[in-house]
Amino acid sequence: MAEAFMSDGTLQSKYGFEQGDKFADKFSKVSIENILLYIVSSAIWTLEKLFDTHKAEVDEYIAKMKPHSLRWYVKKAMAFHYGESLIDGTDKYAKADDDESVVMPVTFAACTEGKENATLYLKVAKTGPEPLTEEEKEAFVAYMHEIKDAGVRIDVLSQEGDYLEVHAKIYYNPLLIDSSGQSKADGTKVAENAIKNYIENLPFNGEFRKNEMVDALQRVDGIEMIELEAVYYGEVADQKEEVVAFCQPVSGYFKGDRTLLDLEYLVYEN
């Protein structure tokens, strides 16, 4: 403001100072001009602070009143601190997430909304993936019920991975693979490894797709063709249902040690 005052042509002619003169050199701290500039600048600063305070109040009000998205529930699930209580009246913890003493068991989370009701289904798991322990799940459920929107029903699911059963015929190149499905180069079960790698690298709560699994198999050196006969999945080993084209695991994930592979190896002859 002082620079704008000194550079104004009308004021220069009235006061008799020249371009480049400094305000402090021409006016004392107790001059009327300096006091006026101080009053105006203080008023502007105060107004800016009032706007900042108003914006913070509006943001807080919106955060409290606006219903949250499914992504918000996933984000908050991942932010769960085990063994720590929330700051009273908030959905935040006193300790930061990167505090070394903080235990954050939830590594994977997915949230879906029931088509026939207003229930949110929240699937969670920790590194592995593995289900939460009973103690961790109990604390997590209490945490989610404390931070959720009023009137929203949440069903938390954290359990062992789903079972998968694959029946297929594998047509192989006998120069590279033997009749048991082992690679002649390193002895690995190439088809079994390809299927397990595919299912274990699916995104959490991602779809299992039969055509994608076939694509993964056909990328294996030595596998010439796949005849996929049937695929089944389910939460319980003896209660699986057939996959028509794709499926979504109830638990949110599949695991290699819960996968049954019935593969018949046939020499490819063209």
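The crossing of helices α7 and α8 is right-handed, a crossing being right-handed if the near helix is turned clockwise from the far one by less than a right angle, and left-handed if anticlockwise. The model is predicted, so local features need pLDDT of at least 70 and side-chain atom pairs count only at pLDDT 80 or more, while totals for chains, interfaces and linings use all residues. Residues are numbered from 1 along each chain as its sequence is written, and side-chain values use heavy atoms, with hydrogens and water left out. Helices (H or I, at least four residues) and strands (E, at least two) are DSSP runs, numbered from the N terminus.

**Packing of α7 and α8**

- The axes of α7 (residues 190-200) and α8 (residues 210-218) come within 9 Å and cross at roughly 135°; axes are lines fitted to C-alpha atoms, for helices over the stretch in contact, and angles run from 0 to 180 degrees between N-to-C directions.
- That angle makes α7 oblique to α8, since under 35 degrees counts as roughly parallel, over 145 as roughly antiparallel, 65 to 115 as roughly perpendicular and the rest as oblique.
- A191, A194, I195 and Y198 of α7 meet E212, M213, A216 and L217 of α8, contact meaning heavy atoms within 4.5 Å.
- By class, this contact has seven nonpolar, no polar and one charged residues (Ala, Val, Leu, Ile, Met, Phe, Trp, Tyr, Cys and Pro are nonpolar; Asp, Glu, Lys and Arg are charged; the others, Gly among them, are polar).

**Surroundings of α7**

- V190, A191, E192, A194, I195, Y198 and I199 are buried in α7 (buried is under 20% relative accessible area, exposed over 50%, partly exposed in between, with a 1.4 Å probe and protein chains only).
- The buried residues of α7 pack against β4 (162-172), β5 (208-209), α8, β6 (223-234) and β9 (254-267).

**Backbone in loops**

- N205 sits in the loop between α7 and β5 and has a positive phi of about 65° although it is not a glycine.
- N205 is buried, at 9% relative accessible area.
- G128 and P129 are joined by a cis peptide bond with omega about -5°, and P129 lies in the loop between β2 (119-125) and α6 (134-147).

**Cysteines**

- The count of disulfides is zero, a disulfide being a pair of cysteine sulfur atoms within 2.5 Å.
- C111 is buried at 12% relative accessible area, and C247 is buried at 5%.

- L47, in helix α4 (residues 32-65), is partly exposed at 44% relative accessibility.
- L47 and Q182 are 135 residues apart in sequence and 76 Å apart in space, C-alpha to C-alpha.
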